[in-house]
Amino acid sequence: MFYQPGAQVSGLPYNPFKSCCVPRPIGWISTVSLAGVHNLAPYSQFQNVTWDPPTVLVVCNGREDGRLKDTARNIVDTGEFVWNMATFELREWVVASSRDLPPEVDEFEAVGIPWLPSRGVKPRRVRGSPVQFECRLIRQMDIPAHTPDAQACILVGEVTGIHIDDAALTPDGRIDIPRLRPLARLGYRDYTDVRHAYELAESTGRVAEAIPHLHENVRPTPR
Ligand SMILES: Cc1cc2nc3c(=O)[nH]c(=O)nc-3n(C[C@H](O)[C@H](O)[C@H](O)COP(=O)(O)O)c2cc1C
């Protein structure tokens, strides 16, 4: 099948778009408002952008009335946020922290999530999350949309502090991903968590014809 978003609908019962770029790591983002109210919410439109300096981005959609979500409001106002690694163990906390609570409500208190202070920024860290990044806003970009709730605010942050729980490391000093089981979002309301990892050697040549059905009958794609 092929369809052109905006001009056509897919014809499928559910919009397939969010199910294509998967899994999306969860940006479990803590912030604090100018009034000092602490906030925590998950954002699966989240990614590592580059590593020197370490940089991440989080994308907050708008609200139907056009207002920014609290996370975006707080990041724009204060220039600070913290990313907390979400894990399978913490999955219920992640979903509970997605409740749309008013900006004057402390979401750590309202949801009952324990926390630790950060070192270089004001937003808290989620206690029990094995890795956290302290971040400072360096860029903001708005992506317009057909409806106000789809309007996207891209917030790019430089990672200025990295906390790693020593217990999250393997004996040879790597982050033990299959043991931590980082949580990630699929399409619809589906989630996954990383339970296995494997190495692939770097290759410089042509790929071997190891997937015979894909090498058979190769014809140009019809236009
Ligand atoms: C796993 C998960 C991922 C989410 N990802 C996003 C996202 O990428 N962008 C977004 O705008 N909302 C996302 N949401 C919804 C927000 O978490 C929700 O709107 C929340 O109330 C925002 O809180 P805030 O206003 O305190 O920032 C997600 C929700 C869940 C449960």
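In which loop does Pro53 lie? Pro53 lies in the loop between S4 and S5, where helices (H or I, at least four residues) and strands (E, at least two) are DSSP runs that are numbered from the N terminus. The structure is a predicted model, in which local features need pLDDT of at least 70 and side-chain atom pairs count only at pLDDT 80 or more, whereas totals for chains, interfaces and linings use all residues. Residues are numbered from 1 along each chain as its sequence is written.

The chain has five helices and twelve strands, and its C-alpha trace spans about 65 × 50 × 30 Å along the principal axes. Of its 223 residues, 25% are buried; a residue is called buried if 20 or more other C-beta atoms, placed from the backbone, lie within 10 Å of its own, exposed if 12 or fewer do, and partly exposed in between. Two residues are in contact if their C-beta atoms, placed from the backbone, lie within 7 Å, and among the contacts in the chain with a separation of 6 or more, 61% are between residues 24 or more positions apart.

Strands are said to pair if DSSP finds at least two bridges between them, and here five bridges join strand S4 (residues 46-51) to S5 in an antiparallel arrangement, with Val56 of S5 as the bridge partner of Asn48. The peptide bond that joins Asp52 and Pro53 is cis, with omega about 5°. A cis peptide bond also runs from Val22 to Pro23, with omega near -10°, and Pro23 is found in the segment before S1.

A further set of strands forms an open sheet of three, in the order S1-S11-S12 and with antiparallel pairing. Its edge strands, each of which pairs on one side only, are S1 (24-25) and S12 (191-193). Strand S11 (residues 183-185) is joined to S12 by three bridges, and Leu183 has Asp193 in S12 as its bridge partner. Most residues other than glycine have a negative phi.

Helix H1 (residues 70-78) has as its buried residues Asp70, Thr71, Ala72, Asn74 and Ile75, and what covers them includes strands S2 (27-32), S3 (38-43) and S10 (152-164). The helix is followed by Gly79, whose phi is positive, near 75°.

Around the ligand there are 18 residues, of which the closest are Ala41, Gln45, Asn61, Asp70 and Thr71; a residue is taken as near the ligand if its C-beta atom, placed from the backbone, lies within 6 Å of it. At least two residues of this shell come from each of S3, S5 and H1, and S3 gives the most, with four residues. The shell has seven nonpolar, six polar and five charged residues, where Ala, Val, Leu, Ile, Met, Phe, Trp, Tyr, Cys and Pro count as nonpolar, Asp, Glu, Lys and Arg as charged, and the others, Gly among them, as polar.
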